Amino acid sequence: MSLPVSSSSPRRVWLLGILSLSLVVIIVVGLFFRFRSKAGPPYSQREALRTIRIDKGFNIEPFAAEPLISSPVAMDWDENGRIYVAEDTGYPLDTRPIGRIVLLEDTNGDGIPDRRTVFADQIVMPNGVMCWKGGVLVTAAPDVWFFKDTTGSGKADVREKILTGFAFTNPQHMVNGPLYGPDNWIYLNHQGPIHTVVFQDPFGDRGSDIRFADGQGPRLRMAPRSVRFRPEIHELEFLSAWSQYGQAFDEWGRHFTVTNDSNGRHDVIAARYLQRNPAFLVSKVQQDVSTDENNKVFPITRNPRFEILTDVGTLTSSCSITLPSMGGTLPASFDRVACVAESAHNMVHCDVWSDAGATYSARRLEQNAEFIASTDAWFRPVNMYIGPDGALYLIDYYRNTIEHPEWMAADTYHAGYLYNGQDRGRIYRIVPDAQSALPLPKNIRLGQAPDAELVQKLASPNIWWRRTAQRLLVEGHRTNAVPLLVRLFEESTSPLGRVHALWTIDGLGKLEPSLVTKALSDPVAGVRENAIRLAEPYLAKSPELTRKLTEMAGDPDAKVRFQLLCTLGFIDSPDAAAAQNKLLADGVEDPWMQVAALTAPPRRALPYFELAVSRFADNETKGRREFFHQVGSVIGMKADAKEMRRLLATVADSFQRNSDWWGGATLDGMAEGVRAKGADAKAALKGDRDTFLRMFERRPGPVGHAAVHLLAVLGLPDDSAAAEALKRAEVIAADRKADAAVRADALELLALAKSDREAPLLESLLDPQEPDAVQIAAVKALSSVRGPKVGALLLAKWNGMSATVRAEATNTLLSGGSDRVRLLLEAVKNGDVQTWQLEPYKPRLFMDSDPAVRQLARSLFEQSSAQREQVSKEYQAALNMAGDAARGKETFTRVCSRCHALDGVGVAVGPNLGTVRNHPASELLEDIILPSKSIEHGFETYVVELASGEIVDGIMSAQTAATITLRQEQGRETVIARQDIKSMRVSKVSLMPEGLEKQISVSQMADLLTFLKDVR
């Protein structure tokens, strides 16, 4: 309808005005309610994209979203470009079989999936999927399933259980992530059973033997180690380590894993090498590249939600370690970059990895920022993949909560929003911001490719094509392709193509030693490294191959030399031993070279020790000292009486050579090995206990220290020599003029007597006038004293302890049974111990086997959202205001600079704000309003009363055996002699005063938060 207007129609003009005004009001109201409805999550995928910030040089694009997918956690492309997605709709508590595998297809050829088919359903919590033999392998604890469609309907009609026996415990830790390895094994992440307390009924199945479901093949006794298997030939074995949720291989087949608080780990030493020497007590098999610097996170989330065990401001939910450069499309600056999804902080974190001998070190990709971060608290990145197009694909689970209720406050998991977002989920595509757009993955038909095309794809710069082509050739038993593969190895200019050709031939069972020998001379180090691995099955029957290996000890590449030292442990010959000695001597400062050497059969241990005495004893270094320790441990664990006596005699004869450093390291290692071996090793050394007592008295320092450790394993002899030694130890322990380390050794010896008679001496040593080393030794000794009084004594001394002494006291209390633990928690309840002092121990307390302890601990640490809101309600508005960094700097200078330094302003007394500004603004606000609620470790305030009556307080910035140093406002420091201390106690409040909000308005708080978050 139209309303004609003329100057002669005032009523019509008035009516038109009313209608126009009504229309404006409707639009404004509509916009208002639309704005209100989008003031917070959940958002549609298009809306959510506007909340995501990505590193300069990259774009993030929508690829798939609800209703096409919901609750997605894993995905894989098959050889024909179809995508299989695992939907874990039951997370976190619903253990009904409501999980699915859905098949996504692109029906119109634009590269974007547009059709969804439920490929397989009735699955309990599926969390990983991998294409294999025309179907998919799916991890869904306690099983690994194979689903396949043989009818062309898009729905699986084959449903076969392949593996079983895995634990069904906390969903974040269950078996997951099947991945086809470069060596033609299928790898599974597996952490083993996780202790469950609160939800023991649905998640208390700790598993059984891991095995093939058809009963054939080996059975693996449950252990916290990842697994690899080859289904067709029923091979199944543990790896040397575990991964929590995600794994990756680099282009040379090196294996990388992850755990929730790490930004990546390199699995350095393989299980087959460790199995050669059961006497080697290797302390670690992975290199964790996390450091205090590179595992900080810098989220941008608005109003984030964190559970009570979330480590705010650092990596706490790392998963899906991914190497984006493996797609072959990213800029050269990403060649050594590894990324992890960090769902709790709503971001993706990336690091640049650098060679460090046999392994790697890492640094942040971006300083004070993340590769991807969202302001949306529902953005939950959980998995990443490289697609056939070379783009990086990111799965966003998109949920309100991401933590399992086992680790939540009780009021959270009863609140009713655990499944908010269950019907949502997204996949994003991340591409470089280049002049020409990266084409979408279209028209993929590798499943119908002839042998020649598959072989050609082995040299592709994109790992998806290389891995898929290799898998198809091997699982199809395409032995006719072997001549083409040999030609690829001999003629290709691509070192990646050469490596994949070798492993594919190996997977087909047609690899010849002559080809491996040729590969050992390849100009590219990565090819040589793989050739050494490939040589291992042929060492017994190819003298030429073994000769070539023993001649490679001078290889210029550190990782080739490491692999060579590992492999040479399989060869028993003088030439191999000479090569091993050279590799060890040249690389002894690299701890992983020591590990590689000591995985050789146990008979090599004594020759290695003699090599070390002749080559390393002249000069103490960290690497040499550690090697003496480790080789001593192997000899102790081996428990050969002759070899142990040979070792002891060598250390005893070294007295005149002033070689206590390596003698002590060797004996300390032997003590470790004897303790682990048990009765046989102890019996071999039982007659030497008086010798160790003499060592303690005559060679104070490293040898005496190690002698006490050996006596701790063997027990004190019941003779007059021991009685006299204990009397002298009492004198040494009480002598304040004696060296603190020697006094601590004396206390350790006294503790072995397990006598209550020493209790008064131990109590007297819990005094701030005593060095920390002496107090810590006294606390350890007290732990062996019987009766209930130890807990009360430690708590009575609690506020006079330094942080390091208090940590030892905490361990003593927590390991002393439920009575001591309850005593500690009652002290928290009464205010005598502060909750922040027990922050590192929360998981232990929350999972205590005593229900009364668990309940009390949770009641003390849990704080409802209503309480938190009430505390800082007035200043919550600052979180949603646009602050000004320049004005914030003025506020910082006026209010904070007396104790904090930032951006060239202030004095560093309290914590370095460069280390806390990565915390969310909401956490920073609470720290400012309630500074005593959570005091950072190492920044407690101590109040010291001097013998003169003077009171001094401040943060303990340094301490020695004779002094402590307190730092006060404006950087002033006071050095106090321990002998002048009358009493010392840790304060319950922060040095940062309460009530700072009285000096800062709400708008100034917004400015201050902006300054703290933005300054670089």
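Reply: Helices (H or I, at least four residues) and strands (E, at least two) are DSSP runs, numbered from the N terminus. The model is predicted: local features need pLDDT of at least 70, side-chain atom pairs need 80 or more, and totals for chains, interfaces and linings use all residues. Residues count from 1 along each chain as written, and side-chain values use heavy atoms, without hydrogens or water.

Take the second largest pocket. A pocket is an open set of points on a 1 Å grid over the protein atoms alone, where a 1.4 Å probe fits, with protein on both sides within 12 Å along at least five of seven lines; lining residues have an atom within 4 Å of a point. The space in this one is about 870 Å³ (filled by probe spheres set on the joined points). Its lining holds 36 residues, and Asp183, Arg228, Ala270, Arg272 and Arg533 are the closest to its centre. By type, the lining has 16 nonpolar, 7 polar and 13 charged residues (charged: Asp, Glu, Lys, Arg; nonpolar: Ala, Val, Leu, Ile, Met, Phe, Trp, Tyr, Cys, Pro; polar: the others).

Which elements build it? Strands S15 (227–230), S16 (235–238) and S19 (265–267) each supply at least two lining residues. So do helices H4 (271–274), H9 (495–507), H11 (525–535) and H13 (558–568). H11 gives the largest share, 4 residues.

Now the salt bridges (a side-chain nitrogen of Lys or Arg within 4 Å of a carboxyl oxygen of Asp or Glu). The whole structure has 48.

One of them joins Arg478 to Asp451, with the closest N and O atoms 3.0 Å apart. Arg478 sits in the loop between H7 (463–475) and H8 (482–491), and Asp451 in H6 (451–457), so the pair ties together parts 27 residues apart in sequence. Arg478 is partly exposed, at 23% relative accessibility (buried is under 20%, exposed over 50%, partly exposed in between, 1.4 Å probe, protein chains only).

Glu724 and Lys727 meet at 3.9 Å, N to O. Both lie in H23 (720–734), 3 residues apart, about one turn. Glu724 is partly exposed at 36%.

In a third, Arg822 and Asp850 come to 2.5 Å at their closest N and O atoms. Arg822 is in H29 (818–829) and Asp850 in the loop between H30 (842–846) and H31 (851–861), so this pair links parts 28 residues apart in sequence. Arg822 is partly exposed at 29%; Asp850 is buried at 16%.

Some bridges share partners: Asp250, Arg254, Glu529 and Arg533 form one network.
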